[in-house]
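Subject: Structure handover

Hello,

Here is the structure you asked to look at. My notes follow it.

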Amino acid sequence: MWSSTLISTAHEPLNVPSVPLARPPRPGGKSRGVSPSVRAMSSHQRWLSFVLSVFAVVLFNPRPGLGQGWFETGINLGQTKVRLAVPDLPPQSVNQQLVSLTQTFNKVLWDDLEFSGIVDLVSKSYYPLKIPQTPQQVDFKAWSSSPANAQMLVLGSAESVNNQMVVTAYLQDVRSPGSPAALAKRYVADLNTESARAIAHHLANDIIQLLGGGVPGINLTRIAFVSNRTGAPEIWVMDYDGHNQRPITNYHSLCTTPRWSPDDHKLAFTSYAGGNPEIYIFSLLSNRRLPFPTFRGLNTTPAWSPDGKKIAFCSSMGGNPEIYSINADGSGLEQLTFAPKVNISPVWNPKTGNEIAFVSDRSGTPQIYIMASDGTNLRRLITYGGDANAPSWSPNGLFMAYSWGVVETGTYDVYVINIATGQIVQLTHGEGRNTHPAWAPDGRHIVFTSTRSGHREIWSMLANGQDARQLTFRGSNWNANWSK
Amino acid sequence: MQSHQRRLIILTAILGLTVLGTTSCHKKAVPPPATPPPPATAASPTGSLTAEPSTIQAGQSATLTWTSENATNLDLEPSVGKVQPQGSTTVSPQQSTTYTLTLKGPGGENTDEARVTVTTAPPAPTAEAAPPVTEEELFEQSVKDAFFDYNRANIRPDAQAALTEDAQFFKAHPSLNFTIEGHCDERGTEEYNLGLGQRRADAAKNFLVNLGVSASRISTISYGKDRPFCTEQTRACWQENRRAHFVFGSETH
């Protein structure tokens, strides 16, 4: 159990800026290509080497997605990163339990901020010797000048009060001496690791929302996935960072394609537990299966409409795998596709709810199509050859992540297409087979399945393809879906 | 971060200069994600591989015959190896085997496949009275699976032959109910393969129904790529997994 409360600081009232504060001079620009060694050259040579270095960057760009302004902006990664100093918050007593929980808290906070994609964490070796615990103790000059060159500073302390862990935390703009703290908040947790992790995630969320243009952080979200680590494939859930992995089903059958309801209280998935592949709706509040109609044939790939009122799914009840929609209470069944081929993997436009993308092999190979949610106005989204599969619609409705493969080479990689313009960005580059991408609710992160470690495992990355992290390590794990 | 970027720029500038110094600097474009293979200047190798008969009993042999054009290097696997541009050979596989002929030439690479299905030999007559054979044992001995091409659910000629024999068996055992499982190889994504497996199972069912087997006796279920028969990453293994598999009794409700 944990909770948090805003606290007042010496500076009243608490002023929360809605945009990032003073920005540093943008690193890069035209001077980016001119290095000291280049300055010794003639202007002609300098120009040539500049052209060549740009050429080389394009040719050997090790950071996919960079340089695509439209894309970086669309996934909320287009802003200049804030230089943020995050010294370890000190425990206020030598109580062994508090010391240990504070270590956990500090590590989780650091990891969350590092993976946020919106801040540059200042290396701890550059910090001034004196670590402040209150805004009054901040040496603004020491933190804002070399070598730290920080813009913002997280400070505070942890104490043990009435058998609870209480963390008091501030976010301070160190370039504006005397300015009020951007964040001043007290976080209270029970004295256990999970609660300490939770309040660290909560503080990270608050910081990310302040420094990341108001987009809420994802540090308290969860990921549902399929794992066969206990034998049969079952539905599992973990925290967004891979911690706290726990099974949801125990059917000793085949369960797959888990999908979070928009309120995060339910999971829809495919289960073979009754013999036939059926759509199951499982309540995470009551830990029970909820009533939902069964149909003959294959029933799989459920998808919640953004208002939670409808579920689109694939069923072969009519003799062929087609897309249907149905009210979540089981009424109002409606067939949306009519093509005597495979039609599967529907996903709603999460922004409008009035379009559905899905996979069909009506052209000969699996490809991604978009239609209105009543089945009209059908169009093909990906016009390349190969196999295009597993669409995931970005939260802002602008992009579709998908996996695209070439049979001849056996490769599968994750791509994102700008739905309006057709521009494509490749996010993974042949490190194993990379499939089933799914967006995080912040639109900045994507979870996917990859075999790059030698096994089929769940990975997450920034939505520009950077900073891939392995989240699962036991058995085979696949088909992840991010909570809302 | 800044110094990191600067280091990258220096490195790439040096790299760029090296490229200029050692080549005539043809303009290279970044390959788009879906570039089709460049057109070959030489004619690409073609060929065909057939097995006669395509179904044998264990211990019998079949003849593999092949022809080719524009191929300089031919490899017939498994167990045969390098072969001449035209020819034939006999094989005696102990179990059903898909033979792959790989053709390489100046114009590229091509393959063709032929499958030899091996059925269990009828038990040799013995002096002792054989125990009565159950319908399920007969089913296991007689019913053949149907195999498919990648991304396809249409019944190809070898599957037509297998299913035609299966239909005769099912009509001779009219009280027997059975399930057709649709399976796929590991390429492609899990979800699409669930749909494709269903279409394969239903295609096999429809073929049998057209030959007079009652639809009410047949259940179908798709396992996509989730329950493979073979887990190696080879063409032969992938072919093993692209099938409609017959199971005695009804699996579904």
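In which loop of chain A is A:Pro147 found? The loop is the one between helix 5 (140-144) and strand 4 (152-161) of chain A. Please keep in mind that this is a predicted model.

Cis peptide bonds

A:Ser146 and A:Pro147 are joined by a cis peptide bond, with omega at about 5 degrees. In chain B, the bond from B:Glu77 to B:Pro78 is also cis, and omega there is near -5 degrees. B:Pro78 sits in the loop that connects strand 4 (73-77) to strand 5 (81-83) of chain B.

Positive phi

A:Asn287 is not a glycine, yet its phi is positive, at about 55 degrees. This residue lies in the loop between strand 12 (278-283) and strand 13 (288-290) of chain A. With 8 other C-beta atoms within 10 Å, A:Asn287 is exposed.

B:Asn70, again not a glycine, has a positive phi of about 65 degrees. Its place is the loop between strand 3 (62-69) and strand 4 of chain B. B:Asn70 has 19 other C-beta atoms within 10 Å and is partly exposed.

Chain B overall

Chain B has 253 residues, of which 34% count as buried. Its secondary structure consists of five helices and 12 strands. Among the contacts in chain B with a separation of 6 or more, 67% are between residues 24 or more positions apart.

A helix pair in chain B

The axes of helix 3 (residues 157-172) and helix 4 (residues 190-210) of chain B come within 9 Å and cross at roughly 60 degrees. The two helices of chain B are therefore oblique to each other, and their crossing is right-handed. Helix 3 of chain B contributes B:Leu163, B:Asp166, B:Ala167 and B:Phe170 to the contact, while helix 4 of chain B contributes B:Ala204, B:Phe207 and B:Leu208. By class, that makes six nonpolar residues, one charged and no polar.

Nonpolar cores

The largest nonpolar core has 103 residues, and those touching the most other members are A:Ile223, A:Met400, A:Tyr402, A:Ile446, A:Val447 and B:Ala204. Helix 4 of chain B gives the most to this core, namely eight residues. Leaving aside residues up to four places away in sequence, the contacts of A:Ile446 include A:Ala401, A:Pro437, A:Trp439 and A:Met461. There is also a second, separate core of 46 residues, with A:Leu101, A:Val119, A:Val138 and A:Ala198 among them.

Regards

Conventions: Residues are numbered from 1 along each chain as its sequence is written. Chains are lettered from A and ligands numbered from 1 in the order in which they are written. This is a predicted model: local features need pLDDT of at least 70, side-chain atom pairs count only at pLDDT 80 or more; totals for chains, interfaces and linings use all residues. Axes are lines fitted to C-alpha atoms, for helices over the stretch in contact, and angles run from 0 to 180 degrees between N-to-C directions. Helices (H or I, at least four residues) and strands (E, at least two) are DSSP runs, numbered from the N terminus. Angles under 35 degrees count as roughly parallel, over 145 as roughly antiparallel, 65 to 115 as roughly perpendicular and the rest as oblique. A crossing is left-handed if the near helix is turned anticlockwise from the far one by less than a right angle, and right-handed if clockwise. Two residues are in contact if their C-beta atoms, placed from the backbone, lie within 7 Å. Ala, Val, Leu, Ile, Met, Phe, Trp, Tyr, Cys and Pro count as nonpolar, Asp, Glu, Lys and Arg as charged, and the others, Gly among them, as polar. A nonpolar core is a set of buried Ala, Val, Leu, Ile, Met, Phe, Trp, Tyr and Cys residues joined through C-beta atoms within 7 Å. A residue is buried if 20 or more other C-beta atoms lie within 10 Å of its own, exposed if 12 or fewer, and partly exposed in between; C-beta atoms are placed from the backbone.
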